[in-house]
Every structure is written in structure tokens, then in C-alpha cells.
Amino acid sequence: MNKFTFLKVYNSPFKLFLPKLYIGRMTIGVPYFYSRKKVGFDFVGLGYKTKWSDTDYRFEYNPMWSFVFYKWQIALIFAPIECNYYWQAYLYYYYNTKGTKEERIKECKKEYPLKITVSGTKDEEKYEYSYDAYDRILK
């Protein structure tokens with residue numbers, strides 16, 4: 001996936017999101033392997049890796065466009081809500097499915113399920129609930 005391929009998400013069945021804009025002192029970082037310039041543009045693509053198999057995607061960092069002028073920065077960060085699940089599901093959709101959008105989503109839900117279980121303790125009472133992340137990330 002090149003630096004701009006992630007933009008295809010805007011023409012997919014995944015929920016649309018607005019990029020976040022940051023203007024201020026240089027605080028939004030880039031991955032360590034991108035050199036930071038005193039003046040210039042950085043275009044950082046979607047960061048991910050595969051873990052145990054070629055379809056086991058792991059999200060690492062959001063795509064970002066940044067302009068730096070000495071100690072100042074303007075950054076456009078493409079960070080959806082639930083970014084881990086969002087980008088991992090999108091990567092599976094983009095690389096590992098074929099057919100119409102509906103067929104591809106059906107295949108995603110079957111072959112790459114995102115059933116999330118949350119548990120913890122609040123006020124000394126244990127709780128647990130489950131949800132399907134696709135309900136939160138699809139249009």
C-alpha cells in the first residue's frame with residue numbers, strides 16, 4: 001500500500017470520517033524511520049504489518065500529511081474512531097476480498113470477524129459485554 005492508497009476508504013462501505021487538523025508547535029511525530037526536516041512536507045501512509053499469516057493485519061499508525069516550518073507544524077491526521085478495528089478490517093477488505101461491496105463485506109464478516117469482548121471492574125463490580133466492531137465502522 002503506497003502513501004495515498006488509504007484514501008480509497010472514502011469510496012468504500014466503511015464510515016466516512018473527517019481528518020483531524022493540528023496547527024501549532026511541532027508535536028505530532030512521524031515514525032522513527034522518517035527523517036524530520038526543518039522545513040518541508042511529510043506524507044506518511046497507513047502503518048500496518050501482518051502478524052501470524054498474510055491476512056492477520058495489525059494496525060500500527062494512522063496516515064498523516066504534515067508541513068513543518070522550523071518549530072511549527074500543520075498536520076492532517078487521518079484517524080477514524082476505533083482506528084485499530086477500522087484499519088485492520090479495511091486492509092482485509094482491500095487486499096483479501098473480491099466482488100461487489102456487499103459481497104466483500106459479507107466475506108469480511110465471515111473470514112475476518114471482529115467480535116470484541118470488554119470486561120473489567122467498576123466500583124468493585126465486575127462487568128462484561130460484547131459487540132461486533134463492524135456495527136461501529138460500517139456505513
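1. Among the contacts in the chain between residues at least 6 apart in sequence, 57% join residues at least 24 apart. The model is a predicted one, and of the 139 residues of its chain, 37% count as buried. Taken along the principal axes, the C-alpha atoms fill a box of roughly 50 × 45 × 30 Å.

2. The chain holds 3 helices and 8 strands, and read from the N terminus its elements follow the order β-β-β-β-β-β-α-α-β-β-α.

3. In helix 2, which spans residues 101–111, the buried residues are Arg104, Ile105 and Cys108. Because these residues cover an arc of only 100° around the axis, they lie on the same side of helix 2. An α-helix has 3.6 residues a turn, so residues three or four places apart point the same way. The exposed residues Glu102, Lys106 and Lys110 are carried on the face of helix 2 that is turned away from its buried side.

4. The axes of helix 1 and helix 2 come within 10 Å and cross at roughly 120°, which makes helix 1 oblique to helix 2; the crossing in which helix 1 passes helix 2 is right-handed.

5. To this contact helix 1 contributes Ala89, Tyr92, Tyr93, Tyr94 and Asn96, while helix 2 contributes Lys101, Arg104, Ile105, Glu107, Cys108 and Glu111. By residue class, the contact of helix 1 with helix 2 divides into 6 nonpolar, 1 polar and 4 charged residues.

Definitions and conventions:
Residues are numbered from 1 along each chain as its sequence is written. This is a predicted model: local features need pLDDT of at least 70, side-chain atom pairs count only at pLDDT 80 or more; totals for chains, interfaces and linings use all residues. Side-chain values use heavy atoms; hydrogens and water are left out. Buried means under 20% relative accessible area, exposed over 50%, partly exposed in between (1.4 Å probe, protein chains only). Helices (H or I, at least four residues) and strands (E, at least two) are DSSP runs, numbered from the N terminus. The arc is that of the directions from the helix axis to the C-beta atoms. Axes are lines fitted to C-alpha atoms, for helices over the stretch in contact, and angles run from 0 to 180 degrees between N-to-C directions. Angles under 35 degrees count as roughly parallel, over 145 as roughly antiparallel, 65 to 115 as roughly perpendicular and the rest as oblique. A crossing is left-handed if the near helix is turned anticlockwise from the far one by less than a right angle, and right-handed if clockwise. Contact means heavy atoms within 4.5 Å. Ala, Val, Leu, Ile, Met, Phe, Trp, Tyr, Cys and Pro count as nonpolar, Asp, Glu, Lys and Arg as charged, and the others, Gly among them, as polar.
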